[in-house]
Amino acid sequence: MGSDIADEKGERCYLITKDTEPSQTLGEYLTAQGAMTAPQVREFLNQALQTLIFLHSQKLRFPSNQVQNGLEHGNISLDSILIKLESNQLDSNQKFYIYFCDLAKWENLFIPAAIPQPPAKTYKQDLESLGLVAFYLWLGRTTNPNTGKTIDYKEHDLLPNTDNNLKQFIYCLLGFDTPFEDAQTAREKLLQLPQDSLVNNTQQSRYSAETQKRFSRYRVLVGLLALLLLGGGILYYFWRSNKLEESKYSAWDQLLGNFSEVNNVTSGKFSYVGEKNGTWSFILKQAPETEKRLIDLLTKPKPQVEATFNYQDINIKTENSLIEEVRNRRTDFAVTSLEESITNDMNKKAIAYDGLLVFVTFSKNINSLPQALKGKISIEQLRQIYTGAVTNWQQIDTSLPNLSVEAYVPEETEAIKQFKHIVLNDNSQDIALFEEKIAKFNIENTGKTQNKMREAINTRKETGIISFGILSKTWNQCSGYPLAIVGINNQPIQPLFRQLQRRPVEPSDDLCDKANYFNVETFDSDKTASYLLGYPIYMVYPKDNSREPAGSVFANMLKTRQGQCLLNKVGVVPLQPIRNNQVCNQL
């Protein structure tokens with residue numbers, strides 16, 4: 001028996017116990033002792049399944065008062081199960097005890113932030129992993145001595161023929177035959193297995209009622225110990241998780257609540273400019289609230305002060321077009337994402353993140369382009385496509401469909417300039433090829449490109465269309481599948497997440513349910529795993545103190561919780577994670 005103690009000052013907890021000294025892992029046992037006999041494997045499975053029944057069905061209450069029914073182990077292997085022998089040698093009549101350790105919820109806490117968390121295992125995957133451990137224990141090895149490679153457990157004939165009923169049971173655990181619904185069903189089937197005719201009487205005696213009675217006392221102790229270990233681990237896990245969760249929203253908690261709390265808003269009529277048909281022009285026409293559009297909410301954001309902010313969009317002829325409007329006093333400030341165009345005589349304040357999405361025709365067909373691409377594409381592959389070096393998808397990979405590449409370019413000048421900067425790396429030769437072979441012929445309104453994709457979907461026609469566009473015009477639709485961009489360490493980063501599962505979208509998802517959102521943290525360029533096609537939106541205003549600081553004040557209002565919520569609702573990404581949508585609805 002024992003007890004667990006949580007350290008209030010440090011990120012650790014302690015378990016005090018006695019009379020539990022597991023001598024080795026199953027992997028170490030296998031090296032030292034060799035293969036288990038069939039009855040020994042049966043007893044191993046009997047004990048292991050009892051532990052899984054406990055884990056999968058026990059009602060657990062966490063420090064947050066959240067109640068959860070069951071917990072998967074998620075990390076079952078020869079190295080995560082310990083075995084204690086009653087003596088130094090394990091013979092056919094020798095008792096042994098096994099202990100589960102290294103649960104995934106504990107082990108995954110120590111994975112560095114730069115490395116993606118492995119996908120969560122299910123209860124059925126716990127059973128499959130247990131079947132694999134039993135396979136190796138009975139076989140007596142994990143590698144092929146001739147090749148040095150891990151043995152493929154699908155080679156059924158490798159298992160001994162001393163207990164065919166047990167062999168069939170292990171195949172069911174591994175999912176070859178009808179898999180078991182849960183650990184309880186599996187154990188019931190195990191106990192009902194008839195003894196194989198080749199198993200001798202001495203081995204059968206280990207499953208007598210008397211032995212089972214003796215082991216039942218042990219299992220009670222093991223269950224209590226497992227509960228203590230699990231409780232201590234869960235306490236630490238949720239304590240640490242809550243701490244990380246709170247730190248995640250620290251920036252949000254420091255924001256002012258709404259427009260009315262922003263100081264230094266002076267009366268007057270102010271003007272600002274942005275790109276015609278660009279991100280800002282588009283989102284101002286959207287309605288984050290039931291009736292009012294964003295432009296209606298931002299023209300007079302603080303009604304108690306006679307301050308009016310009028311927006312005008314202009315055609316961008318050069319990168320400096322917007323800045324020139326401010327410098328020449330034709331407007332008070334500007335909104336842009338072209339950071340390279342902001343000169344030293346201007347101040348800038350980031351108010352949200354914008355970005356480009358690259359998308360291909362959406363289809364859940366197993367042979368479709370999104371599926372074949374595995375939902376991702378690299379910057380280099382984009383460069384090859386948009387400079388004309390790749391004209392058929394099979395030139396990227398022979399496993400891709402034999403389709404001509406139909407590359408389209410959006411109309412927004414700002415989006416094209418960002419594409420040249422990020423994807424083409426401002427390379428003059430690549431830009432020349434891009435303008436000559438692609439942009440010269442295939443500039444098209446994003447809506448029209450999506451209509452072409454939708455027509456292909458409706459007629460079940462496979463098409464090689466690919467395009468890119470600004471977030472607000474591309475994220476909340478399902479005619480085009482948004483590709484993850486392969487970034488540092490060859491890791492694909494998908495900015496679009498599923499709301500319920502809180503995970504990146506996948507080609508098999510039904511994007512038409514509109515249950516998607518942007519993962520704010522992937523747009524933070526200070527993080528290693530950031531989305532390469534993301535960039536900030538800036539309010540730009542002059543450093544000249546003789547002019548009204550209208551741009552600075554307007555930016556400050558957009559950086560309140562109210563402002564960040566409004567921007568998030570119309571399709572751009574807030575600067576920091578929003579604590580919850582209910583907060584936004586109350587502002």
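Is helix 5 (residues 164–174) mostly covered or mostly uncovered, and how many of its 11 residues are buried?

1. Helix 5 is mostly covered, with 8 of its 11 residues buried (under 20% relative accessible area, 1.4 Å probe, protein chains only). Bear in mind that this is a predicted model, where local features need pLDDT of at least 70, side-chain atom pairs count only at pLDDT 80 or more, and totals for chains, interfaces and linings use all residues. Numbering starts from 1 along each chain as its sequence is written, and side-chain values use heavy atoms, leaving out hydrogens and water.

2. The buried set in helix 5 includes Lys167, Phe169 and Tyr171. The buried residues pack against helix 2, helix 4 and helix 6 (183–192) (contact is heavy atoms within 4.5 Å; helices are DSSP runs of H or I, at least four residues, and strands are E, at least two, numbered from the N terminus). Just after helix 5, Gly175 has a positive phi of about 90 degrees.

3. Helix 2 (residues 38–57) packs on helix 4 (residues 123–139) at about 160 degrees, axes 10 Å apart. That makes the two roughly antiparallel (over 145 degrees, on a scale from 0 to 180 between N-to-C directions, with axes fitted to C-alpha atoms over the stretch in contact). Among the contact residues are Phe44 and His56 of helix 2 and Asp126 and Trp138 of helix 4.

4. Trp475 and Phe518 make a tilted aromatic pair, 5.4 Å centre to centre with 45 degrees between the planes (ring centres within 6.5 Å, Trp by its six-membered ring; under 30 degrees is stacked, over 60 edge-to-face, the rest tilted). Trp475 is buried at 14% relative accessible area, and Phe518 is buried at 8%.

Technical notes: Parallel < 35°, antiparallel > 145°, perpendicular 65-115°, else oblique. Buried < 20%, exposed > 50% of the residue type's maximum accessible area, 1.4 Å probe, protein only.
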